[in-house]
Amino acid sequence: MPMRHDFSENLMSLQSHILLEEAKHPSASGDFTWIVSAISLAAKSISNHVRRARLSGAIGKFGDTNIQGEEQQKLDVIANEALMRCLGTRASVAVLASEEDDEPTILRKGKDGGKYCVLFDPLDGSSNLDTGVGVGTIFSILRNDPNVHSAQATVCQPGVRQVAAGYVLYGSSTIFVITTGNGVALFELDPFIGSFLLVKDQLRVPERNSVYSVNEAYASTFPDGYQRYLAWAHANGYSSRYIGSMVADVHRTLLTGGVFMYPPTKKNPEGKLRYLYEASPMAFIMEQAGGLAYSGDARTLEHQPHKVHERVPVLLGSRGEVEKVREFLR
Ligand code: AHG
Ligand code: MN
Ligand code: MN
């Protein structure tokens, strides 16, 4: 019997992984896989634009302000276009909602099908683009309710109702992280074959790590409990890491542990981060990896949003570290 050579290079692609996941749900019809493949295609295009933005003139401001009152970067618009075009061709998508668009986009209504709503922050941390800092895309997939006629009401669902959530980090490599409710899987884009390949499945966030991630410039306007926590952390040898791109800060927290927070501030009394396409998907990922996520006193995933661009406070990360912060918030 000739010896079998082990040429088994890693060929567990994102698509294969999602198909295997989908096979575990007898009711699944393959629609869901097509949505993830649309996000993956858009992510590859966005990664390419981000990595050669200066050469292609895509760097810099678009010259418009979005509904958030933030100046749009050209790449915010390019990323938004890529996601809208890739997802718009998928028959299983009913509604799309983006950080960059005032209102959700209704693609299919009622009997025309469309089982899912896809919500996204097309380019998170885009104010960091000019300086080459890691930026990302965040997405959340919800079921569509054909009996609800307002797009806003359809997408305003608590995070516990997410079918899937994840993000793409355009950092030192292009990383795709996703959960469908059965643990967290991490993929890396192999640029030579153009596929996201599985690097780690059932990823777990470390129980503890003495690192906190917050914009301390606003600390004097944080509610008192956060200020008392920071004083405790300073006195107990904690270190601070803050990149200013939520995807990069949350990814580091997921891999190495610690706590990430964006508390209420004077400028943003409800917190700066948006529930539907930043806090909720990241909370799903963090809980699926064994961590915790709170928005004020409530578990982030149980918050009921009423507006598409609603903001909430964010506190997420290692179980032990989040509980430590919560001791000071009580
Ligand atoms: P976006 O670029 O999508 O508007 O998000 C920016 C967010 C988030 O990425 C980050 O955590 C936060 O803004 C940083 O805010 P500060 O600059 O106020 O710290
Ligand atoms: Mn963002
Ligand atoms: Mn954004």
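I'll start with a contact between side chains: Arg 274 and Glu 99 form a salt bridge, with their closest N and O atoms 3.2 Å apart. Bear in mind that this is a predicted model.

How many salt bridges are there between domain 1 and domain 2? The count is two. Polar contacts between these domains come to 22 residue pairs, both residues at pLDDT 80 or more. On the side of domain 1 that touches domain 2, at least two residues each come from S3, S5, strand S6 (135–143), helix H5 (151–155), strand S7 (162–170), strand S8 (174–179) and strand S9 (184–190). S7 gives the largest share of that side, eight residues.

As for the bounds, the domain assignment puts domain 1 at 14–200 and domain 2 at 211–329. Their C-alpha centres are 22 Å apart. In contact terms, 48 residues of domain 1 meet 33 residues of domain 2. The two domains bury about 2900 Å² between them, and 63% of that is on carbon and sulfur atoms. Within domain 1, the residues losing the most area to domain 2 are Ile 138, Cys 156 and Tyr 167, which together make up 19% of what that side buries.

Now the metals. Which protein donors hold the manganese ion that is ligand 3? They are Glu 99 (OE), Asp 121 (OD) and Leu 123 (O), at 2.2 to 2.3 Å from the ion. Along the chain, the donors of this manganese ion (ligand 3) have the spacing E-x21-D-x1-L. Glu 99 sits in the loop between strand S3 (93–98) and strand S4 (105–106), and Leu 123 is in strand S5 (residues 116–124), so this pair ties together parts 24 residues apart in sequence. Both Glu 99 and Leu 123 are buried.

The other manganese ion, ligand 2, is coordinated by Asp 121 (OD), Asp 124 (OD) and Glu 278 (OE), at 1.9 to 2.1 Å. Here the donor spacing is D-x2-D-x153-E. Asp 121 coordinates both manganese ions, ligand 2 and ligand 3, which are 3.7 Å apart.

Is Asp 121 buried or exposed? Asp 121 counts as buried, because its relative accessibility is 0%. Asp 124 is buried as well, at a relative accessible area of 5%.

Gln 73 is buried, at 6% relative accessible area. Beyond its neighbours within four places in sequence, Gln 73 has contacts including Phe 62, Ser 126 and Asp 130.

Note on methods. Residues are numbered from 1 along each chain as its sequence is written. Chains are lettered from A and ligands numbered from 1 in the order in which they are written. This is a predicted model: local features need pLDDT of at least 70, side-chain atom pairs count only at pLDDT 80 or more; totals for chains, interfaces and linings use all residues. Side-chain values use heavy atoms; hydrogens and water are left out. Donors are N, O and S atoms within 2.8 Å of the metal (3.2 Å for Na, K and Ca); water is not among the atoms, so sites may look incomplete. Helices (H or I, at least four residues) and strands (E, at least two) are DSSP runs, numbered from the N terminus. Buried means under 20% relative accessible area, exposed over 50%, partly exposed in between (1.4 Å probe, protein chains only). Contact means heavy atoms within 4.5 Å. Domain bounds come from an automatic or database domain assignment. Buried area is the accessible area (1.4 Å probe) that two parts lose on being put together, summed over both. A salt bridge is a side-chain nitrogen of Lys or Arg within 4 Å of a carboxyl oxygen of Asp or Glu. A polar contact is a pair of N or O atoms within 3.5 Å; within protein, one must be able to donate a hydrogen and the other to accept it, and residues adjacent in sequence count only if both atoms are side-chain atoms.
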